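Trainee: Could you walk me through this protein, starting with a pocket and then moving on to the aromatic rings?

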Amino acid sequence: MSKTWGLYAHIPYCVKKCAYCDFVSAANAAAAEMEDYAAALRAEILREAPPLRALWGDVTTVYLGGGTPTALPAVLLTQILDTIHEAAGEPLECTVEVNPGTVDEEHLVQLRAAGANRLSLGVQSFDDRLLRVIGRIHTAEEARAAVRAARAAGFDNLSLDLMYALPTQTLADLKQSVNEALALAPEHISVYGLIVEEGTPFAAAEAAGRLTLPDEDAAEEMYDYLMAELPARGYRRYEISNFARASYESRHNLGYWRNIPYLGVGAAAHGYVDGVRWGNETDARRYIRAIRTGASVRTPEDAERTAVNAMEEYAFLALRTAEGIDEADFYRTFGVSIDAVYSTVITQQIKRNLLCRAQGHIALTAAGMKLGNEVFAAFLHDE
Ligand code: SF4
């Protein structure tokens, strides 16, 4: 029986750590370690993907994320993509995350030839001053050049990441970046407000009183601008942070929010198959050693997970999307109606104008998207 499923492969390397980043990735890894890592990743793919392909048919979506996948030489990335095709089949959508400071046209031509058909470019800003402040390795011109190179290499599905509420950023700065992004006519745009994560250089700077962040009102003004401007320019907001031209939504990411199974491979990757979630070994060297000996690299994330937990998770993942919770799918998945579980919460949140209900779907309103965490918390059952 064919079934929709995804494959996520994590590349835990970057050229240099950005000042805000707490993702699992190491800077300055030796070339030999990257080669060993790529070999281990391919071995894990060959071990784990064929059984799923036998059950469900060719993989639907593939996503190479990080870290910075393009911190690996093109030859290694090409080998990884070849192995994915061999073990999992031909996906409809194959995305590679790209840091504009790591690619040229030749690199992108090779990725395209190896089957990648969508790129997600971490641009973050088109302001060189702000790019330096947040520790990116590229300039605005390098970001523009990467988009041109991607088009020349034959990519007709590009996503750009932008950040807002950056240290010292003004609304005028953000508008300029958005206009520059729109001038490049990407098919998809993701926007993220800066969150100062523990253990990052920004957290240390904040603790030392050296981080000048926009105040709450200024950050909210930036958010309101983005949420009005991007739809006005033809990008539908299909998820809290994601905007796309018609039919260019990220199929892979929609899978996460729609409870679709995905195989996670590589150090620190997460997976979700047959209702079980797991996280892989996070340390790249330990991951390589474990794969070499044939050992499992997985730790189940939710050994104690109950049906109630699964419903909570289903609800708040689906609520991230514009379509929201599909009531019929909820019933098919859990064998109970959503009202039997959440009628009080739904009524309360509709009264607060944070949820709306129409045509068999329950979704966040615009006000609800702004206060998403509050609504998600209401869907958690008390212990
Ligand atoms: S390039 Fe991406 S993953 Fe790497 S440090 Fe910067 S934000 Fe983190």
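**Pocket lining and ring contacts**

Trainee: Which elements each supply at least two residues of the lining of the second largest pocket?
Mentor: On a 1 Å grid over the protein atoms alone, a pocket is an open set of points where a 1.4 Å probe fits, with protein on both sides within 12 Å along at least five of seven lines, and lining residues have an atom within 4 Å of a point. Helices (H or I, at least four residues) and strands (E, at least two) are DSSP runs numbered from the N terminus. At least two lining residues each come from α11 (307–318), β15 (325–326) and α12 (327–334).

Trainee: What pLDDT do local features need here?
Mentor: Residues are numbered from 1 along each chain as its sequence is written, and side-chain values use heavy atoms, leaving out hydrogens and water. This is a predicted model, where totals for chains, interfaces and linings use all residues, side-chain atom pairs count only at pLDDT 80 or more, and local features need a pLDDT of at least 70.

Trainee: How many charged residues are in that pocket's lining?
Mentor: Of the 13 lining residues, R258, Y314, G324, D326 and D329 are the closest to the pocket centre. Asp, Glu, Lys and Arg count as charged, Ala, Val, Leu, Ile, Met, Phe, Trp, Tyr, Cys and Pro as nonpolar, and the others, Gly among them, as polar. The lining divides into four nonpolar, four polar and, for the charged group, five.

Trainee: On to the rings: how many aromatic pairs are there?
Mentor: Rings of Phe, Tyr and Trp (its six-membered ring) pair if their centres lie within 6.5 Å; planes under 30 degrees apart are stacked, over 60 edge-to-face and the rest tilted. Counting this way, the number of aromatic pairs is twelve.

Trainee: Why is the pair of Y13 and Y37 classed as it is?
Mentor: Y13 lies in strand β2 (residues 13–14) and Y37 in helix α1 (residues 31–56), 24 residues apart, so the pair links distant parts of the chain. Both residues are buried, meaning under 20% relative accessible area with a 1.4 Å probe, protein chains only. Their ring centres are 5.5 Å apart and the planes stand at 90 degrees, so the pair is edge-to-face.

Trainee: Which residue joins Y13 and Y37 in a cluster?
Mentor: Ring pairs make the links in this cluster. Along with Y13 and Y37, they bring in Y287.

Trainee: How far from the ring centre of W278 is the charged end of R298?
Mentor: A charge sits over a ring if NZ of Lys or CZ of Arg is within 6 Å of the ring centre and within 35 degrees of the ring normal. R112 lies over the face of F155 at 5.7 Å. For R298 over W278, the distance is 3.7 Å.

Conventions. Buried < 20%, exposed > 50% of the residue type's maximum accessible area, 1.4 Å probe, protein only.
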